[in-house]
Amino acid sequence: MVTGMSVNPAITASSRKHRRPWLLCGGVLTISLMLVLSWPAPPPAAAAPLPPVAVFPLQELKRDGSDVNLEFTNWLAQTLAAAGNEIIDQRTVINFMAFNRIRTAGYLESFYLHRAGEELGVPLVLLGTVSQLREQPLPSLGLTLQLVRTSDARTIWSYVGHLSAADVRRPLAVGEPGSVAELRALLARDLLEQWPWAQIRELRRASMIHLDSVLLQPQYVRPGEEVQVQVRLRSEWLPHSAPRIFFLADDQVHAAVRHQDGSYRASWPAGDKDGRFPVNLMLEWTHYNRRETAALGAYLVDGSPPLLTLELKGEINGDETPMFRNRLLIQPRLLVPKPLAKWRLSFEDESGHTVGSMEQPGNLPEVLVWQGMGNEGRLYSGTYQVVVEVQDLAGNRQRVSQPVELQRSTPGVALSAAREEQEIMVDLRQHDGRVPLDFWRLETWTREGRLLKTAEGRELPARVELALPSAEAGEAGAEIQGRLVVRDVLGNQSRRDLNDFFRTAAGRPPAQEAEEQPAGMSESWVDEF
């Protein structure tokens, strides 16, 4: 029977002459049951792949010395691989030993264990010896194994097993193992039953790439522009074990160039296709037939300018140009959201001259408010272009503009009067009806201060009938004075004194002396803000 354990030495089977018949029958039954069972034993169910193991050449212990048994080593590696382990190719292991001038088998110093983890990318190394390997007079073999973790050179599992043809007896000697090769099949079953699946699964694959710093620029690029990458590695290699270094991007391989400062660099033009392209660092050891990759980042190729729209909301909005006096809402929108590097808002007069501007980094605000101010202060009435310019992180630009009318002129009203006996008919008409009126108000009074009439409304034209002062009231021939106040919906307001207007309507000459006019009165329009 197979004798194997994780720590204790193998127990050698006793001689046939000391066996009792009932023990022989029990042994035959046990071996028969073992042959019925499936072989090799599969690893416990697990979805994640196991980390690789490097099986180093086994040392064969002999009476006349020791030697390397590559044939037994290859069998062990194939057995472990068939059971579900990832085993490093034996030629790769031999190359590692040759490059590092390792001339011994069965064990490794901690220095070489650590180097094997780095250069071969394995977290585990399997070392061992083969003993008592003989074909005559009875086939027998012994096997000791150590599974060592390369990160700290600690043994996480060990195995000791021994098997002889004397341990496997069957009636009439039918089917008894007659060679070492047949014994190995029985030994493999015991080995795989004790194989440390759980401990191996907990380990992570060793990586050769230890990044110190990464510089990938620009992260946003237009088609055809240059992409640059620079990395510094913490690892250093001997000349015989140094890998070739490449950068992978957009399905292209770019060779890295080592600079005097120790960094590795490369550059290439961005492709014509828009999209996000990852950049990976690849290290290739041709003599180990091994590649390692590490993600460095990604860059975005963007050749499309931002899709920008502009909406203006003034105090008067319609099918024509928005109009405002003190408050204009500016709402720029990106039809396809994307990050922006900066944006700029400016205002141009009718001649194309920029009268005001501002610029900010980052994304557009949802709403901007313009109060009709320029770089040099308050602007006059007129038509202006509201211009919004944006630039995305790749450098693509977009510009949109829309006209707006700044209206700060006082509302104009034309007056005319006709006298009919003891009444004056006053007609009011609006000069420019583009800005609707909020209200108008006409007030009249005598020179002595008696209120004659007040009229108001929201629409023009309008007619106001004004009775002249009567003789019964003792005011015959009294002078009429008045004032007209007009305000439009934008808030522009004007006030007009009508003293001379009523003198002319009554058939009297206008006053010539300034001292006859009340203080604070004016015959012209007065703007009120």
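Me: What does the protein chain average for pLDDT, and what share of the residues score at least 70?
Reply: This is a predicted model, and its protein chain averages a pLDDT of 82, with 81% of the residues scoring at least 70.

Me: Where in the protein chain is confidence lowest, and where is it highest?
Reply: Confidence is lowest in helix α1, residues 21–36, where the mean is 41, and it is highest in strand β21, residues 340–348, at 96.

Me: Which residues stay under 50?
Reply: The pLDDT stays under 50 over residues 6–42, a stretch for which the model has 46 contacts beyond four places in sequence. Residues 513–529 are also below 50, and the model gives that stretch 32 contacts beyond near neighbours in sequence. Where pLDDT is low, the predicted coordinates should not be read in detail.

Me: OK, salt bridges now. How many does the structure hold?
Reply: The structure holds 24 salt bridges, and one of them joins the side chains of R291 and E284, with N to O at 2.9 Å.

Me: Are R291 and E284 buried or exposed?
Reply: R291 is exposed, because its relative accessible area is 56%, whereas E284 counts as buried at 10% relative accessibility.

Me: And what about R483, which residue does it form a salt bridge with?
Reply: R483 forms a salt bridge with E443, and their closest N and O atoms are 3.8 Å apart. R483 lies in strand β33 (residues 480–488) and E443 in strand β30 (residues 437–446), so the pair ties together parts that are 40 residues apart in sequence. E443 counts as partly exposed, at 24% relative accessibility.

Me: Which residues are in the network with that pair?
Reply: Salt bridges with shared partners join R441, E443, R483 and D497 into one network.

Me: Switching to the inside, which residues touch the most other members of the largest nonpolar core?
Reply: That core has 41 residues, and those touching the most other members are F56, V125, F247, W268, L281 and Y299. Several elements each supply at least two residues of the core, among them α3 (90–99), β6 (124–134) and β17 (290–301), while the largest share, five residues, comes from β16.

Me: Which domains does this core draw on?
Reply: The core draws at least three residues from each of domain 1 (53–205) and domain 2 (210–301).

Me: What is Y299 in contact with, leaving aside its neighbours within four places in sequence?
Reply: The contacts of Y299 include L216, P218, V227, W268 and F277.

Me: Which residues does the second, separate core include?
Reply: The second core has 32 residues, including W75, L76, L126 and W195.

Terms used: Residues numbered from 1 in each chain as written. Predicted model: local features only at pLDDT ≥ 70, side-chain atom pairs only at ≥ 80, totals over all residues. Heavy atoms only, no water. pLDDT = per-residue confidence, 0-100. Helix = DSSP H or I, 4+ residues; strand = E, 2+ residues; numbered from the N terminus. Contact = heavy atoms within 4.5 Å. Salt bridge = Lys/Arg side-chain N within 4 Å of Asp/Glu carboxyl O. Buried < 20%, exposed > 50% of the residue type's maximum accessible area, 1.4 Å probe, protein only. Core = buried A, V, L, I, M, F, W, Y, C linked by side-chain atoms within 4.5 Å. Domains from an automatic or database assignment.
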